[in-house]
Amino acid sequence: MTPNPLLSDVLSTLDARFPPSTAESWDRVGLVVGDPRQSVRKVLFAVDPVSVVIEEALEWGADLLVTHHPLLLDPVSSVAVTTAKGAAITALVRGGCALYVAHTNADAADGGVADALADVVGLVDRRPLVAAQAHALDKHVVYVPTPSAAALVDAMSAAGAGAIGEYSRVAWTTTGTGTFVPSDDAHPAIGSAGVVEEVDETRVEMVAPRALRDAVLAAVRAAHPYEEVAFDVLELAPRDSTTGLGRVGTLERRSTLRELAEHVAAGLPPTAQGVRVAGDLDAKVVSVAVLGGSGGSLFDAVRAAGVDVYVTSDLKHHQVSELREEVEFQAVADGRAPQSATPFIIDTAHFASEWPWLQLAARDLVHDVGAIGTTVETRVSTRRTDPWVARFGPSDPVEN
């Protein structure tokens with residue numbers, strides 16, 4: 001029978017998918033409640049760590065609740081049951097259910113919130129809307145006697161060098177001739193004092209995260225046969241990561257803004273807000289930017305991306321009004337019809353735009369713990385935690 005993992009094992013797989021280091025500085029992610037030594041059989045995924053979700057987790061017998069939104073984003077001075085947050089923590093502790101949060105780190109991750117929303121929209125050829133800066137890299141260049149080159153590459157790899165994507169021990173080598181004259185006080189591994197020595201040497205190049213520079217250099221010195229090691233450390237230019245906020249891509253098939261809005265509405269859980277649209281409903285659209293959750297702060301990035309449509313949540317009247325006014329003004333100035341001005345806007349409920357990620361995360365966790373020889377049962381919460389419960393007014397779309 002396949003064993004269940006420890007919570008510490010589950011945390012390792014979740015952190016690998018959604019590195020806490022990629023969360024925004026103001027965010028509060030990771031383990032909130034729980035003992036890393038406890039066994040995990042059932043994991044419930046939800047958007048919000050609210051009371052109805054916690055009740056659902058405990059009724060199902062979940063050992064771990066994974067939510068997108070933090071429970072303790074703002075500091076608290078008490079977790080007494082006289083407050084909602086205190087009651088939530090107490091219920092989780094008493095019920096033996098841990099709580100883990102993946103928030104802005106899940107927004108940016110491959111297979112995270114942005115990619116899940118892009119799946120719903122139907123985007124291909126994706127890239128981040130705002131790319132995260134990749135970890136700073138060094139290139140280590142080391143000259144070593146050719147017979148010792150393989151051992152040096154192994155040592156540098158063990159220290160963290162040579163990892164590129166899904167590949168490890170990545171190195172480039174070439175051979176040449178090294179020459180030197182040892183002094184009378186030297187203790188050369190090759191050659192004699194006062195004698196010109198020529199040695200067949202290999203130039204080894206490997207990249208490594210800058211944070212590992214000291215460890216890699218220590219490995220080089222330990223593995224190198226020479227008393228004095230010849231090496232260079234080159235700081236590589238900054239580069240964008242394949243992860244980051246939002247996604248930009250093209251639709252699998254060309255559609256109108258109206259058709260796209262209907263498609264988005266059908267692919268997200270129903271909410272009282274529904275889906276709001278700003279723009280020419282009959283306009284043809286191809287390129288789209290998406291951002292799950294509140295996306296009003298990224299209008300400049302959306303315009304720079306040159307997309308036809310921006311799909312996000314929590315947009316305010318003035319944000320959308322001013323954006324549309326500006327792009328329509330520019331269209332007229334350029335001799336184009338104002339209704340053709342892009343980007344058009346599709347505004348969804350915050351809860352709805354982030355919900356599709358839960359299914360991906362639940363599926364991926366089963367896969368990841370299976371890779372270490374364990375198993376868990378996962379489930380996506382059935383509780384709709386969007387705070388809006390009703391909308392009154394016309395049931396059909398209102399078109400200006």
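1. His 224 touches Val 142, Tyr 143, Val 144, Pro 145 and Val 229, leaving aside residues up to four places away in sequence. Contact here means heavy atoms within 4.5 Å. This is a predicted model: local features need pLDDT of at least 70, side-chain atom pairs count only at pLDDT 80 or more, and totals for chains, interfaces and linings use all residues. Numbering runs from 1 along each chain as its sequence is written, and side-chain values use heavy atoms, without hydrogens and water.

2. His 224 sits in the loop between helix H7 (213–223) and strand S9 (230–235). Helices (H or I, at least four residues) and strands (E, at least two) are DSSP runs, numbered from the N terminus. His 224 is buried, at 6% relative accessible area; the cut-off for buried is under 20%, with a 1.4 Å probe and protein chains only.

3. The His 224 side chain reaches two backbone atoms: the oxygen of Tyr 143 at 2.7 Å and the nitrogen of Tyr 226 at 3.0 Å.

4. Which residues of helix H6 (residues 149–158) are buried? They are Ala 149, Leu 152, Val 153 and Met 156. They lie on the same side of H6, because their arc around the axis is only 100 degrees. That arc is taken from the directions from the helix axis to the C-beta atoms. Their cover includes strand S6 (137–145), strand S8 (197–209) and H7.

5. Gly 160 follows H6. Its phi is positive, near 110 degrees.

Note on methods. Buried means under 20% relative accessible area, exposed over 50%, partly exposed in between (1.4 Å probe, protein chains only). A polar contact is a pair of N or O atoms within 3.5 Å; within protein, one must be able to donate a hydrogen and the other to accept it, and residues adjacent in sequence count only if both atoms are side-chain atoms.
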